[in-house]
Amino acid sequence: MDTSLSALSPSAIILAQGEYPESPAVRQFLYDSPNLIICDGASKHLLTDTALDPKLIVGDGDSIPTEIMRKYGELFVQIADQETNDLTKAVICCKERGWSEVMIVGATGLREDHTIANIFLLEEYRRMGMTICMVSDYGSFFPIVGNITFRVRPKQQISLFPITEEPFSTKGLLYEIEEQGFSALWQASLNESVGEEFVIRSSHPVIVYVANEVKD
């Protein structure tokens with residue numbers, strides 16, 4: 001798995017209601033995607049960034065500015081289910097349309113509780129059969145299970161968040177893990193790639209964070 005932005009080719013991109021990206025590379029994904037899904041709370045960005053060209057606007061409808069509804073009302077997919085957030089509603093829309101490779105943008109920043117929930121929803125989306133990543137100005141999250149090789153840069157900053165306490169292993173990180181389980185989410189964070197790839201071997205789900213930062 002190549003984690004560089006230039007190697008990612010999602011079939012759809014979801015813009016969520018978190019921090020709007022400043023990175024030109026991340027914004028270019030939003031501009032170029034033929035299937036840009038905007039959560040209704042993020043639709044306000046259509047007023048300030050005219051390069052956005054949404055395919056759908058998805059949500060329960062409680063956060064769409066009146067001006068947006070007038071201009072883009074025909075694109076709005078209302079899902080009233082209060083048991084799921086708008087990000088999950090957007091992922092479900094992608095799945096229903098056969099867009100199984102999805103990049104999520106704007107799902108971190110601003111409210112910290114939303115950020116934490118959105119990160120760990122990635123595992124739910126993986127279980128739905130989605131190939132999914134969450135990208136911000138600072139790095140990318142990937143939910144994985146199995147033997148996965150990540151292509152990175154030497155000294156790129158890596159954090160691992162195992163969902164269970166079951167043991168797993170790594171190869172190619174500064175602080176290697178050998179069939180070890182962790183009782184707290186933070187315990188496998190703040191690691192670093194040694195070379196141009198690292199491997200995770202896990203029969204249980206792990207959220208992998210690959211920071212853009214390369215340590216000097």
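Predicted model: local features only at pLDDT ≥ 70, side-chain atom pairs only at ≥ 80, totals over all residues.
User: What is the volume of the second largest pocket, and which residues are closest to its centre?

Analyst: A volume here is the space filled by probe spheres set on the grid points, which are joined across faces, edges and corners. For the second largest pocket it is about 360 Å³. Of the 19 residues that line this pocket, the closest to its centre are Met 1, Leu 8, Thr 131, Ile 132 and Phe 142.

User: Which element gives the largest share of the lining of the second largest pocket?

Analyst: Elements are DSSP runs numbered from the N terminus: helices (H or I, at least four residues) and strands (E, at least two). Two or more lining residues come from each of β5 (101-105), β6 (131-135) and β7 (139-151). The largest share, five residues, belongs to β7.

User: How many nonpolar residues are in the lining of the second largest pocket?

Analyst: Ala, Val, Leu, Ile, Met, Phe, Trp, Tyr, Cys and Pro count as nonpolar, Asp, Glu, Lys and Arg as charged, and the others, Gly among them, as polar. The lining has two polar and three charged residues, and its nonpolar residues number 14.

User: Which element gives the largest share of the lining of the largest pocket?

Analyst: The largest pocket has a volume of about 430 Å³. Its lining holds 25 residues, with Gln 17, Asn 85, Asp 86, Leu 87 and His 114 nearest the centre, and by class there are six nonpolar, 11 polar and eight charged residues. Helices α3 (86-96) and α4 (112-127) each supply at least two lining residues. The largest share, five residues, comes from α4.

User: Why is α3 described as largely enclosed by the rest of the structure?

Analyst: Buried means under 20% relative accessible area with a 1.4 Å probe, protein chains only. Among the buried residues of α3 are Asp 86 and Leu 87, both of which also lie nearest the centre of the largest pocket. The helix is largely enclosed because its buried residues number eight of the 11.

User: With which strands does β5 pair in the parallel sense?

Analyst: Two strands pair if DSSP finds at least two bridges between them. One partner joins β5 over four bridges, with Ile 14 bridged to Ile 104. The other joins β5 over five bridges, with Val 102 bridged to Ile 132. These partners are β1 (residues 12-15) and β6.

User: What is the volume of the largest cavity?

Analyst: A cavity is a set of grid points where a 1.4 Å probe fits but cannot get out, and the structure holds one of 30 Å³ or more. Residues lining the largest cavity include Glu 19, Val 105 and Asp 137. Its space comes to about 50 Å³.

Conventions: Residues numbered from 1 in each chain as written. Heavy atoms only, no water. 1 Å grid on protein atoms, 1.4 Å probe; cavity = no way out; pocket = protein on both sides within 12 Å on 5 of 7 lines; lining within 4 Å. Buried < 20%, exposed > 50% of the residue type's maximum accessible area, 1.4 Å probe, protein only.
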